[in-house]
Amino acid sequence: MVDRQILVAGAGGFIGGHLVDKLRRKGHTRIRAVDIKPFEEWYQVFDDVENHSADLGDLHACRAACEGVDDVYNLAADMGGMGFIENNRALCMITVLINTHLLMASREQDVQRFFYASSACVYNADKQTDANVTPLKEADAYPAMPEDGYGWEKLFSERMCRHFREDFGLTTRVARFHNVYGPQGTWDGGREKAPAAVCRKVIEAKTSGRNEIEIWGDGNQSRSFMFIDDCLYGIDAIMHSDIIEPINLGSSELVTINQLVDIVEEIAGIKLKRSYNLSAPKGVNGRNSDNTLIRQHLGWEPSIRLRDGMKKTYDWILEQYELTRKPALQDAVAART
Ligand code: NAD
């Protein structure tokens, strides 16, 4: 393997952190990891990697980050679950500066390959009105009517990648991720996505003895969820493929949110009383990934079963939950003695 100089943008985040780890394990020794967050907030920090805290919305920071780099993986974005993206559209759109400046810096520095993490939120909302959704094909992004804010930014950035490839000869690869989940990601604080939020709520309900869970929407909205290991395999395969158009990277195992809660209840060994918050953000009614194209190109598609991935995710979130509760418990014990 040629030891290429690699930049992972958004390395302090969920997918970026796992990607850095995977690249290290593959034997890469020249990895630059960059994220706007201070190091103590990164999900994973590795001492054998060149770590930087920098704002990649800034062109100068992108130039420094891309210096001498062969491969760029752009996973940096100001994002979160539906609760965050429906209430922070401007912030989501400002993320356009990151991909734009990274592309400009990559062109200047003769970067060889550029990976962009897009999203299923680019798909036309009219194709996602029914929970019995027809899986979304890549062509369904047009005519454009993506998720407001976040989806528009992703669609525009995809397009920038295309035109940098066509006009400037920069090799760009774009994957449309469908709901990625797993350990070492956001599980509380308002940016968490459904799988982590459901795990946390079940843990809270069980630990507190309240035995109740609030579900956003009526629970009948359907989604597919991809475990992080499948996502990492897909990123690597797509980055090194000759797939020039944006391609779905998602599981096609469709479940309703109610079924997702069933799975987590079963893992936790509990049955909860459910209440439905119909005014909470819930996103489109149904969304699934059509994997025809990825199967054709790679002879592969994400296949880790939701139950298996959720067990690993639940166990990790339970661990984090217990760690955050420990100081509070210790304080309570100290106060009583
Ligand atoms: P994440 O929020 O955990 O990671 C994103 C990271 O980008 C964060 O650590 C954040 O601090 C960093 N960042 C934000 N602004 C920055 C800036 N100006 N400069 C440098 N770093 C900055 O999210 P994630 O789940 O790891 O997602 C990674 C990528 O995949 C994002 O582009 C996201 O839109 C995309 N994506 C994720 C999912 C999913 O389900 N997780 C689905 C579709 C698309």
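This is a predicted model: local features need pLDDT of at least 70, side-chain atom pairs count only at pLDDT 80 or more; totals for chains, interfaces and linings use all residues.

Colleague: Why are α5 and α6 called roughly parallel?

Modeller: Angles run from 0 to 180 degrees between N-to-C directions, with axes being lines fitted to C-alpha atoms, for helices over the stretch in contact. Under 35 degrees counts as roughly parallel, over 145 as roughly antiparallel, 65 to 115 as roughly perpendicular, and the rest as oblique. Helix α5 (residues 96-108) and helix α6 (residues 150-168) pack at about 10 degrees, with axes 9 Å apart. So they're roughly parallel.

Colleague: What makes a stretch a helix here?

Modeller: Helices are DSSP runs of H or I with at least four residues, strands are runs of E with at least two, and both are numbered from the N terminus.

Colleague: Which residues of α5 meet α6?

Modeller: Contact means heavy atoms within 4.5 Å. On the α5 side there are V96, N99, T100, L103, M104 and R107, and they meet α6 residues including F156, M160 and F164. The residues of this contact divide into eight nonpolar, three polar and two charged.

Colleague: What makes a set of residues a nonpolar core?

Modeller: They have to be buried Ala, Val, Leu, Ile, Met, Phe, Trp, Tyr and Cys residues, joined through side-chain atoms within 4.5 Å. The largest such core has 60 residues, and V8, Y73, F177, I235 and L249 touch the most other members. Its largest share, seven residues, comes from helix α9 (residues 257-268). A second, separate core of 22 residues includes L7, A9, C66 and L102.

Colleague: Why does N211 count as partly exposed?

Modeller: Buried means under 20% relative accessible area, exposed means over 50%, and partly exposed is in between (1.4 Å probe, protein chains only). N211 has 34% relative accessibility, so it counts as partly exposed. N211 sits in the loop between α7 (194-208) and β8 (212-216), and has a positive phi of about 55 degrees although it is not a glycine.

Colleague: How do you know that the peptide bond from Y142 to P143 is cis?

Modeller: Its omega is near 0 degrees. P143 lies in the loop between β5 (113-119) and α6.

Conventions. Residues are numbered from 1 along each chain as its sequence is written. Side-chain values use heavy atoms; hydrogens and water are left out. Ala, Val, Leu, Ile, Met, Phe, Trp, Tyr, Cys and Pro count as nonpolar, Asp, Glu, Lys and Arg as charged, and the others, Gly among them, as polar.
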